Amino acid sequence: MNTPEIRIENVSMVYSDNGASVKALDNVSIDIQKGEFISLLGPSGCGKTTLLRIIGDLLQPTSGNVLVCDQTPRQTRMDQKYGIVFQSPVLFDWRTISKNIRLPLEIMKVPREEQNRRIESLLELVGLSKFADHYPHQLSGGMQQRVGIARALAIQPEILLMDEPFSALDEFTREKLNEDVLQIWSKTNKTVVFVTHNIAESVFMSDRVCVLSPHPGRLSAIVDIDLPRPRTKEMRDWPEFNALVAKIRNSFEGV
Amino acid sequence: MSASLKSKLPVALAWIIGVIAIWEIGAWSLVNIFHDPMATQKLPFLHDIVRVMAQNWASLMDSASVTVSKAALGFLYGSIAGFVIAIVMSLSRNVERVAFPYLIISQMIPILGLAPIIYNIVKDGDTARVVISAYITFFPVSINTLGGIKSVEKDRLDLMYSYAAGKFQVYRKLIIPSAMPYLMSGLKIAAPLSVTAAILVEMLGTDEGIGVKILYTLYYGAGGATMFWASVITSALLGILGYVLISLAEKLLMPWQNTTSKRGGEDA
Ligand SMILES: Nc1ncnc2c1ncn2[C@@H]1O[C@H](COP(=O)(O)OP(=O)(O)OP(=O)(O)O)[C@@H](O)[C@H]1O
Ligand SMILES: [Mg+2]
């Protein structure tokens, strides 16, 4: 096996504010291969966001090691290889929708025509072409979240980190975007770490599902999802699909 | 915008009508109830004042334009200084720690004492007006702007950080735009103050200006009490004008704010 794209080794994280300390992650190790689509699944408070932020160099672990693309998360961040979708949309309210998507492209000095091309196709993809010149406050929460996704995809990042990107969306939009993201991913073959608390979603999207249990956050199972790709919505009714969902659900009950 | 204007208009009208009514009743009472022989000196009728304002419109506007031009220049310099000071303080903890107490102390020196000192140093009414206006402007501008810079949302900073954006880009694309509403509320406070500052210096002795008119009509009775009041009201209108102009600029510069409820900064 080649060296993993993301290597998480014995990572622990303890938050401490004024004396009180919370152990958010306890000795977590995961290897993620290049081009892999991996989910972090678990109930609220189990440390999913914490782990994602550690991978993305937004947090330093209390102990343990993380290597991304054979270097520290910091170096990978300085190489502008991360695209992050936060749990809330984090849009700039003084920028229109298309200018919000343009933001990282400006920072990364992508040529202007290329910027326009990408913005146009991404707006199309997330179904917001008509809202290009609207301001964020004129959009619904779900629409704002879709802008956040488009913005992360715009830079075509080596590593895409997504923190419950679809949790604010209705079932229909969510399932459509599940497929859209998979379609983009299959074309680019980038590594994706996808945080969710929705079991069916994690099965539908992933190559592997990392199941985390709370207090403290521990890796309780890694489940291989050997469903064929491309994934289609019919698969959601397959017995194999439902068997995997049941298997993951049971792994929680063991905790 | 038009919607918010529509809802504000009745309130503004009610205020204006209320003030006029109270004024006229007060003036009428002095004459007819208290039979005060000095009634027209103490509180002339508002309609008399308006008439005098109309008659002396050209001369009032001449004085006003002198005052406004000095105040505006001071306001401009003060705003720039306040903005730059805020940026510099936000860039360095140490600079903030050293500079901040000076900022606070600077506000403890009474402007009434400082104005004659400056006037004496520069020996020139024009320069003194600009300097004092600038001095009074920079503080609310820098404090509000610094407050805005410090209240940038952490998630937004994290986003810029994740792109490995440089410091300059973070300021240009995130920090300054998000501090804009705060800067604007600082400017709204400072605009009327800068007019007041210019008038104060004028009262120390300059050739022209609305402050000179107030002083002369008060002490030398030139034109009588009505003219004094006309000058005072003109100066008040200048302050209001400053506020309104900044508010309009805010609407034009920040179109995304027009349809939302204002966030932060408004009374920071
Ligand atoms: N900045 C912080 N300071 C202190 N404790 C924190 C901080 N951030 C998270 N925690 C704690 O760490 C634990 C894990 O938090 P984390 O945000 O990673 O959970 P999560 O799995 O993302 O939950 P959710 O699904 O609700 O987003 C929680 O118990 C939380 O209280
Ligand atoms: Mg979370």
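Which domains of chain A give residues to the lining of the second largest pocket, and where does that pocket lie? I started my notebook with this one. I kept in mind that the model is predicted.

**Entry 1: the pocket**

Domain 1 of chain A covers 34–60 + 73–81 + 157–255, and domain 2 covers 92–156. Both give residues to the lining, so the second largest pocket lies between them. I noted a volume of about 400 Å³ for this pocket. I then looked up which elements give two or more residues to its lining: they are α4 (112–125), α5 (141–154) and α6 (171–188) of chain A. Of these, α6(A) gives the most, with seven residues.

**Entry 2: the magnesium ion**

Which residues coordinate the magnesium ion (ligand 2)? I found T49(A), through OG1, and Q87(A), through OE1. The distances run from 1.9 to 2.5 Å. The two residues come from distant parts of the chain, 38 residues apart. T49(A) sits in helix α1 (residues 48–55) of chain A. Q87(A) sits in the loop between β5 (82–85) and α3 (97–107) of chain A. I checked how open each one is. T49(A) has 25% relative accessibility, so it counts as partly exposed. Q87(A) has a relative accessible area of 41%, so it is partly exposed too.

**Entry 3: helix α1**

I stayed with α1(A) for a moment. Is this helix mostly covered or mostly open? It is mostly covered, with seven of its eight residues buried. The buried ones are K48(A), T50(A), L51(A), L52(A), R53(A), I54(A) and I55(A). Just after the helix, I noted that D57(A) takes a positive phi of about 65 degrees.

The nearest cysteine sulfur to it belongs to C210(A), 11 Å away. A disulfide needs the sulfur atoms within 2.5 Å, so C46(A) is in no disulfide. The search from C210(A) leads back to C46(A), again at 11 Å. C46(A) has a relative accessible area of 0%, so it is buried. C210(A) counts as buried because its relative accessibility is 0%.

**Entry 4: cis peptide bonds**

The bond from H215(A) to P216(A) is cis, with omega near -10 degrees. I placed P216(A) in the loop between β8 (208–213) and β9 (218–224) of chain A. Another cis bond joins R229(A) and P230(A), and its omega is about 0 degrees. P230(A) falls in the loop between β9 and α8 (239–253) of chain A.

**Entry 5: positive phi**

Which value does phi of D70(A) take? I read it as near 60 degrees, a positive value in a residue other than glycine. D70(A) lies in the loop between β4 (63–68) and α2 (73–78) of chain A. Its relative accessibility is 60%, so D70(A) counts as exposed.

I then turned to chain B. Phi of K123(B) is near 55 degrees, a positive value in a non-glycine residue. K123(B) is in the loop between α6 (111–122) and α7 (125–150) of chain B. K123(B) counts as exposed because its relative accessibility is 65%.

Methods: Residues numbered from 1 in each chain as written. Chains lettered and ligands numbered in written order. Predicted model: local features only at pLDDT ≥ 70, side-chain atom pairs only at ≥ 80, totals over all residues. Heavy atoms only, no water. Donors = N, O, S within 2.8 Å, 3.2 Å for Na, K, Ca; no water. Helix = DSSP H or I, 4+ residues; strand = E, 2+ residues; numbered from the N terminus. Buried < 20%, exposed > 50% of the residue type's maximum accessible area, 1.4 Å probe, protein only. 1 Å grid on protein atoms, 1.4 Å probe; cavity = no way out; pocket = protein on both sides within 12 Å on 5 of 7 lines; lining within 4 Å. Points joined across faces, edges and corners; volume = space filled by probe spheres on them. Domains from an automatic or database assignment.
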